[in-house]
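User: Could you take a close look at a single part here and tell me how it is put together? I would like one connected account with the cut-offs stated.

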Amino acid sequence: MRFLYERQTRRFYLYLIMVCVLQICVLGICGILQAQDMRKILVERELAASSCLLEADVPPTVVASAWNHTEVTEEGRKLLAAIGHTEQSQSYLLLLAKQTSVPLTLVLVSAGMGFALLLLLGAAIFLRRRERVYEEAERVIAQYAENRFGKHLPAGETGTIYQLFGSIEQLAQSLQAKSEMEHKAKTFLRDMISNISHQLKTPLAALSMYMEIIMEEPGNEEAVRNFSNKSVQSLERMEQLILSLLKMARLDTGNIIFEKHNCPIWEVVELGVADLKERAVSEDKKILIEGRSEEMLPCDPEWTKEAVGNLVKNALDHTRAGGVIRVSWERTPAVLRLTVEDNGCGIAMEDIHHIFKKFYRSRQSGDRQGAGLGLSLAKSIVEGQGGTLSVESEAGKGSRFRMTFLTDL
């Protein structure tokens, strides 16, 4: 009886039951009226027969006895046969029915045709509504096949057909998600190729120029040494750029699974700034590390040190000689905050809302070699581990980047 779960089907069956009940009531009323007419005719026949017998001088007692008599005699059979009232002749009751005000056959035929018409009309309306549902579903499914998901199948009803529609909707949602993912993947690949091409154009052009100069002046040792060093720097920049792009691509596509462990925070920071200390010394800048050495941070150490290193590198890029970059951390009952602070040139108000975008570089930036990936990569790493990365800055007064992590593993 699962087909009765659907509201339209229940309505149709309720309509059939109402029509059947109406048919029974109408035929019952017609039968009662027909019986009353036949009773009236029979009474009139009895009155006529009694009057005839009395006119023939038959005693009243005999007439009354005849109407109450129940035994059948042979003489009676012969008499009825003589006047044509036998089992082979037309039914006496049917003859009586013909004399009623509404003939029984006409009543039955008319009632049957009327109720058949009602049933056919109800079935036609039900099937037409069902056909409209199927047509609408066919149009929507055809749009799904064309990757258009603006319309949806009929919903909000019970029944097998709507359960099927629900399953199709789930499949359509999966197709839509897959289509969107494919579109994003294509867009990401196109943008990535465009970005790589754009970012590698400058170092490749410079490298090509350096090679031409070296080839043109092979005997000039100073020029060869100078432009060889510049070529090495260009190659290192290209290597760093490609590595950053690959890391960003892995993060953006969700191919990275962060393995969080309880790590000593000072160790993560030390690893993050290890490769930058020599640069800081050569540029007459200081990197200070402050915080309790026993503090532990639940994180992926390899990726977190990458984020710390990118923030410190960004601070070095925007701090003049004699500047100080301070890395510190503090714990609250719920979170641990790691701060990278500098006293450099700061960030202009119009740039502060854009600095975490890929390849974004401020017009006031003194970093002419950067690709604009470090901060974006750091933000992706921190947020990928459930943390947040925020910035506070004022032009000319330095910047403060703060990473916030939940302390519960």
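Analyst: What follows is a close look at the largest nonpolar core and the elements around it.

This is a predicted model, so local features need pLDDT of at least 70 and side-chain atom pairs count only at pLDDT 80 or more, while totals for chains, interfaces and linings use all residues. Residues are numbered from 1 along each chain as its sequence is written, and side-chain values use heavy atoms, with hydrogens and water left out.

Let's start with the core. The largest one holds 47 residues (a nonpolar core is a set of buried Ala, Val, Leu, Ile, Met, Phe, Trp, Tyr and Cys residues joined through side-chain atoms within 4.5 Å; buried means under 20% relative accessible area, exposed over 50%, partly exposed in between, with a 1.4 Å probe and protein chains only). Leu 311, Val 312, Leu 338, Leu 389, Phe 401 and Met 403 have the most contacts inside this core. Helix H10, residues 301–317, gives the largest share, 7 residues (helices are DSSP runs of H or I with at least four residues, strands are runs of E with at least two, and both are numbered from the N terminus). Apart from this core lies another, of 10 residues, with Val 133, Val 140, Phe 149 and Tyr 162 among them.

Now to the helix. Because 13 of the 17 residues of H10 are buried, the helix is largely enclosed by the rest of the structure. From first C-alpha to last, H10 reaches 24 Å, close to the 24 Å expected at 1.5 Å a residue (the expected span is 1.5 Å times one less than the number of residues). At its start, a side-chain oxygen of Asp 300 comes to within 3.3 Å of the backbone nitrogen of Glu 302. Glu 306 also lies in H10, and it counts as buried because its relative accessibility is 18%. Beyond its neighbours within four places in sequence, Glu 306 is in contact with Lys 247, Leu 377 and Ile 381 (contact means heavy atoms within 4.5 Å).

The strands come next. S7, residues 399–406, is mostly covered, with 6 of its 8 residues buried. S5, residues 335–342, runs antiparallel to S7 and is joined to it by 8 bridges (two strands pair if DSSP finds at least two bridges between them). Val 335 has Leu 406 as its bridge partner in S7, and Leu 336 has Phe 405. S5 is mostly covered too, with 6 of its 8 residues buried.

S6, residues 388–393, pairs with S7 in the antiparallel sense over 6 bridges. These two strands form a hairpin with 5 residues between them, and Gly 396 in the turn has a positive phi of about 85 degrees. S4, residues 324–331, runs antiparallel to S5 through 7 bridges, and a hairpin of 3 residues joins S4 to S5. In that pairing, Ile 325 stands opposite Asp 342.

Leaving aside neighbours within four places in sequence, the contacts of Phe 401 include Leu 311, Asn 314, Leu 338, Ile 347, Ile 355, Phe 356 and Leu 389.

Definitions and conventions:
Polar contact = N/O pair within 3.5 Å; in protein donor to acceptor, adjacent residues only side chain to side chain.
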